[in-house]
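The following note comments on the model shown here, point by point. Please read it with the sequence and the coordinates at hand.

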Amino acid sequence: MNVLTISKIRDGTVIDHIPSGKALEVLKILGIKRGSRERVSMAMNVESQKMGRKDIVKVEGKFISEEELNRISLIAPEATINIIENFEIKRKFRVSIPESVEKLLRCPNMSCISNDNKEPATPIFRIEKTDNQVVAVCVYCGKKVYEIEEYLV
Ligand SMILES: [Zn+2]
């Protein structure tokens with residue numbers, strides 16, 4: 001798929017430098033699902049000098065906090081964020097890896113207390129970065145999650 005033009009947005013958030021093919025996961029991390037009210041446009045497999053190919057996501061009419069945006073770094077560590085107000089870039093920053101994430105991932109360990117049938121503990125993962133790999137570590141059982149996209153809640 002090759003979408004060349006995406007319209008300018010008046011107010012919202014542009015997420016650039018997403019690894020090619022990860023745009024939908026970025027939306028999932030941000031809690032934007034099918035049927036959401038926000039206007040979302042995507043450009044996939046756009047040529048990029050820096051990355052070869054990249055995806056871009058534009059979300060119009062939703063305020064996304066920096067904390068939420070930083071979650072994107074788990075799958076798109078190079079992502080850059082442009083906050084647009086009245087067609088102008090108000091702020092631009094790179095995502096940074098959060099120290100921990102709550103309610104974002106589920107623990108793969110079925111006997112972990114965060115998977116308890118009756119009173120599950122809130123899933124909390126500490127985020128570690130080793131070389132080029134981001135690893136989420138369950139604070140309860142120490143289980144390490146490398147394939148982060150597969151365990152998104
Ligand atoms: Zn666990």
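This is a predicted model: local features need pLDDT of at least 70, side-chain atom pairs count only at pLDDT 80 or more; totals for chains, interfaces and linings use all residues.

1. Glu78 is partly exposed at 33% relative accessibility, where buried means under 20% relative accessible area, exposed over 50% and partly exposed in between (1.4 Å probe, protein chains only). The side chain of Glu78 meets that of Arg94 in a salt bridge, with N to O at 3.5 Å; the term denotes a side-chain nitrogen of Lys or Arg within 4 Å of a carboxyl oxygen of Asp or Glu. Because Glu78 lies in the loop between α2 and β4 whereas Arg94 belongs to strand β5, the pair ties together parts that are 16 residues apart in sequence. Arg94 is likewise partly exposed, with a relative accessible area of 47%.

2. Residues are numbered from 1 along each chain as its sequence is written, and side-chain values use heavy atoms, with hydrogens and water left out.

3. Helices (H or I, at least four residues) and strands (E, at least two) are DSSP runs, numbered from the N terminus; two strands pair if DSSP finds at least two bridges between them. Strand β4 (residues 80–85) and strand β5 (residues 88–94) run antiparallel and are joined by 6 bridges. Within this pairing, Ile84 has Ile89 of β5 as its bridge partner. The hairpin has 2 residues between its strands, and Asn86 in the turn shows a positive phi of about 55 degrees.

4. Which residues coordinate the zinc ion? The donors are Cys107 (SG), Cys112 (SG), Cys138 (SG) and Cys141 (SG), at 2.3 to 2.4 Å. Donors are defined as N, O and S atoms within 2.8 Å of the metal (3.2 Å for Na, K and Ca); water is not among the atoms, so sites may look incomplete. The spacing of the donor residues in sequence is C-x4-C-x25-C-x2-C. The site is tetrahedral, the angles among its 4 donor atoms being 99 to 115 degrees; four donors count as tetrahedral if all angles lie between 85 and 135 degrees. Cys107 is buried, at a relative accessible area of 1%, and Cys112 is buried at 3%.

5. Arg126 is partly exposed, with a relative accessible area of 40%, and Glu128 is partly exposed at 26% relative accessibility. Another salt bridge joins the side chains of Glu47 and Arg53 (3.7 Å, N to O). Here Glu47 counts as exposed at 62% relative accessibility, whereas Arg53 counts as partly exposed at 37%. The whole structure holds 8 salt bridges.

6. A polar atom of the Arg71 side chain lies 2.7 Å from the backbone oxygen of Glu102.

7. Two serines complete the note. Ser48 lies in strand β2 (residues 39–48) and is buried, with a relative accessible area of 11%. The side chain of Ser48 reaches the backbone nitrogen of Lys50 at 3.2 Å. Ser65 lies in the loop between β3 (52–60) and α2 and is partly exposed, at a relative accessible area of 22%. Ser65 and Glu85 are 20 residues apart along the chain, and their C-alpha atoms are separated by 15 Å.

Technical notes: Four donors count as tetrahedral if all angles lie between 85 and 135 degrees; four count as square planar and six as octahedral if opposite donors are over 155 degrees apart and all others between 65 and 115; anything else is irregular. A polar contact is a pair of N or O atoms within 3.5 Å; within protein, one must be able to donate a hydrogen and the other to accept it, and residues adjacent in sequence count only if both atoms are side-chain atoms.
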